[in-house]
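Here are some short notes on this model. Please read them with the coordinates open.

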Amino acid sequence: MDDARTPVLIVGGGLVGLAAAVFLTRHGERPLLVERHRGTCPHPRARGVNVRAMELFRQAGLEERIRGTDSARALAGNSGIVRMESLAGRQAPGFTRDYMQDPQDGTGELSPTGWTLCEQDELEPLLREAAEEAGAELRFGHELRSHTQDADGVTATVRDRDTGEEYAVRARYLVAADGVASPLREALGIPMEGHGTLAHYLNIHFRADLTAPLGDRRFLMAYVRNAEVTAGLLPVNNTDRWLLHVPLTAGEGAADWPQERCRAAVRAAAGLPALEVDILGAQPWEAAGRTARQLRSGRVFLVGDAAHAMPPTGAFGSATGIQDAHNLAWRLALVLRGTAAPELLDGYERERLPVVRATVQQAVLRSLDRPGHGQQPLPGAIRPDHTVALGYRYPAGATAPADVLADGGFTGEPGTRAPHLWLERDGRRISTLDLYDGRGPVLVTGPAANGPQPAAGPLPLTVHRIGHDGLADPSHGWAKAHGVPPHGAVLVRPDGFVGARFDRQPSTAALNGELRRLLGRRPAAVPTTTAPEGSTP
């Protein structure tokens, strides 16, 4: 195979690697992705796509496609965690906590969307198709053998696993999305830190008709405990496809669980000794809390499981990786285009690493709070689900937040995700989040702003004016939601986070100053009197 050149080489074709390819193509980049496996994941492992991940997929035009998958449609009405002797046996009171958010409750006024249940074996093919449609080159069955870096890029050696042929790939940057074991992270010598291992499990994917014992119940997960089995039972379609998570004892692995033993565990969990069971697969996995000490080494960036491992409690794992990919994609694209300075890439680790550490800690605390662990975290230690998913904070300028998960991060402060508010465009309801297409910075001016429309000169900028060009605010709540007066304005980054607020419509000089800072560029040589006027903290 001929050698290849690409602006970005993505190593790993799981959820996060494919999401990175999707996000980069939206910026007009054509990344090359290599994945050692010959196809996407055949096992329904991760299934919770939380509200922030769904917002990002909404921005990419994929929200309805995801909600249209078989598993998303089948599980759309499921909610709650229950406890039971078996599916056909006695059911104990359900497991609830104040911090838990029921997916059927949505996110109220916080988001235009909500989290969904979509099995990984359906979501990965969907993302693969979307990335290929948009122009990404995906090579499954190709594995990274080695890589070197220099001042201008990365040279990787890749092997075609079918032919054994090796070839070189020259890339400006490399994104490591190669999983929790991450050979790339190991090769870079980046250690993992944190709580460590919580437990080991076997994930049994099986087919059995459980319609009768299930009845009209529609739960997310059932904790099952009886004399024969202790496990977690999860529906895939509420009828004949299910998952059973069984804990492994020290030293146990998949080889210790032949199909007949798996069938026995399923029958015990169902409470039906004569149940016909077809074992579709069984995968061991580790519940652990770890974070990479750093997320970048030169021109190589870690995302997803390569950067962090967390237990599934809270459904933060894959969603956090998808947020990594989104935060990195706009930076890479603007730097590759020459619009932003290379220093913009420094913000990836500076912003994401504190958020990742805090999110991993929250997932671990939730896991310790589940039945079977019995380690009650300190009061207030576990933050609400919506705070972890949507309320995290990035540094505002040079100021790092004291607590990246401080409650109340929904009022438009710089460094927080821009608030959601329902607007109307030409009579059609849209969210404020729909104004941010992810491709470049956006300035939104308030309904009382007057004077000429601000311009950014040679810098990229999209401007939306509340009350103009068919954009209406029926609730008259835009200014209050964003913490500015009606004649103010808000500058929003490509990822939907607030970059700056202005207490009046900014001048071109003021706007350019904030844009240059946002894009990692040095301030223009202008008199000090033209510093960003009217900006508010």
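Predicted model: local features only at pLDDT ≥ 70, side-chain atom pairs only at ≥ 80, totals over all residues.

1. A charge sits over a ring if NZ of Lys or CZ of Arg is within 6 Å of the ring centre and within 35 degrees of the ring normal. Arg128 meets this over Phe140, with its charged end 3.9 Å from the ring centre.

2. Residues are numbered from 1 along each chain as its sequence is written, and side-chain values use heavy atoms, with hydrogens and water left out.

3. There are eight aromatic pairs (Phe, Tyr or six-membered Trp ring centres within 6.5 Å; planes under 30 degrees apart are stacked, over 60 edge-to-face, the rest tilted). Tyr173 and Phe301 are 6.2 Å apart at 55 degrees, so their pair is tilted. Tyr173, Phe301 and Tyr348 form one aromatic cluster.

4. Burial here means under 20% relative accessible area, exposed over 50%, partly exposed in between (1.4 Å probe, protein chains only). Tyr173 is buried at 4%, and Phe301 is buried at 0%.

5. Tyr392 and Phe497 make a tilted pair, 5.5 Å centre to centre with 35 degrees between planes. Both Tyr392 and Phe497 are buried.

6. Helix H2 (residues 51–59) has eight of its nine residues buried. Just after H2, Gly61 has a positive phi of about 80 degrees.

How values were computed: Helix = DSSP H or I, 4+ residues; strand = E, 2+ residues; numbered from the N terminus.
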